[in-house]
Amino acid sequence: MNKFPLYELRAVDKDFVGPGEQVSVLRQLTLSIQAGESIAIVGSSGSGKSTLLHLLGTLESPSAGEIFFEGQNLTKLDEAGKAAFRNRELGFVFQFHHLLPEFSALENVAMPGIISGMKRHDALEHAREVLAQVGLEAGHNRRVSTLSGGERQRAAIARALFLKPKVLLADEPTGSLDEQNGDRIGDLLIELNCDLGMTVVVVTHNDVLARKMNRRLELRSGELYEQAD
Ligand SMILES: Nc1ncnc2c1ncn2[C@@H]1O[C@H](COP(=O)(O)OP(=O)(O)OP(=O)(O)O)[C@@H](O)[C@H]1O
């Protein structure tokens, strides 16, 4: 067991500097996330949910404070170090899936493996297994442009899982889906959390999805509040 929390945020600020003004989005955030938790980040539009997710994903850097991952100070990493960290530990899922429409689901899912130097045959083989894990075994040879919204989001989750990340960071993963498909994606995220012990952090406006997670953190006026059940 690692004695450190998975994530630890210490007095994190995030400001954006615009023309003539500075917007203070996150103020003095303190947060601990343990391995195996499932967390929803909620709050009104513009409250800084995506910004917080981007900080956890090292896609943005804090303006002040520090972010640790298993005791390692992420704030001290250079760009190459951050990229290596993201590849090794994180899977990302976004609202609009960001798959390549002209390639098959299988090729899209195998992409992180092929990019990281795996043999194409092995990458495709593993992609097949991961697609089965997300319930998309039947659609793997179809081009992404022919898949439904729910199927595309499953493929996107499979791609995020391909390199076996410890953490899945999802930004509005059900935002472009109807209620039923959104619900299924929420169940899938919980399955991955429970069955694989993967830590899941989702940013969402979807209350049903948020309630599936075991912790809900609400951003209000730049501060974080733990919501009670
Ligand atoms: N790169 C940036 N440059 C300047 N301002 C930014 C940048 N990214 C975010 N912001 C600002 O920070 C604030 C928080 O944005 P963020 O996208 O994190 O909110 P959110 O809670 O995810 O919103 P939504 O629910 O609408 O997606 C907003 O006022 C936004 O305009």
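Guide: Begin with the ligand. A residue counts as near a molecule if its C-beta atom, placed from the backbone, lies within 6 Å of it. The model is predicted.

Visitor: Which residues surround the ligand?

Guide: The ligand has around it Phe-16, Gly-18, Val-23, Val-25, Gly-43, Ser-45, Gly-46, Ser-47, Gly-48, Lys-49, Ser-50 and Thr-51. By class, three residues of this shell are nonpolar, eight are polar and one is charged.

Visitor: Which element gives the most to the shell?

Guide: That is α1, with three residues. At least two shell residues come from each of β1 (7-18), β2 (21-33) and α1 (49-56).

Visitor: Now the helix. Why do residues three or four places apart point the same way?

Guide: An α-helix has 3.6 residues a turn, so residues at that spacing point the same way. Here, take α6, residues 179-196. From first C-alpha to last, its 18 residues reach 25 Å, close to the 26 Å expected at 1.5 Å a residue.

Visitor: Which residues of α6 are buried?

Guide: Gly-182, Ile-185, Gly-186, Leu-189, Leu-192 and Asn-193 are the buried residues of α6. They cover an arc of only 120 degrees around the axis, which puts them on the same side of α6. The face turned away from that buried side carries Gln-180 and Asp-195, both exposed.

Visitor: What do the buried residues of α6 pack against?

Guide: Their partners are the strands β3 (38-42), β7 (167-171) and β8 (199-203), and the helices α5 (149-161) and α7 (207-212).

How values were computed. Residues are numbered from 1 along each chain as its sequence is written. This is a predicted model: local features need pLDDT of at least 70, side-chain atom pairs count only at pLDDT 80 or more; totals for chains, interfaces and linings use all residues. Helices (H or I, at least four residues) and strands (E, at least two) are DSSP runs, numbered from the N terminus. The expected span of a helix is 1.5 Å times one less than its number of residues. A residue is buried if 20 or more other C-beta atoms lie within 10 Å of its own, exposed if 12 or fewer, and partly exposed in between; C-beta atoms are placed from the backbone. The arc is that of the directions from the helix axis to the C-beta atoms. Two residues are in contact if their C-beta atoms, placed from the backbone, lie within 7 Å. Ala, Val, Leu, Ile, Met, Phe, Trp, Tyr, Cys and Pro count as nonpolar, Asp, Glu, Lys and Arg as charged, and the others, Gly among them, as polar.
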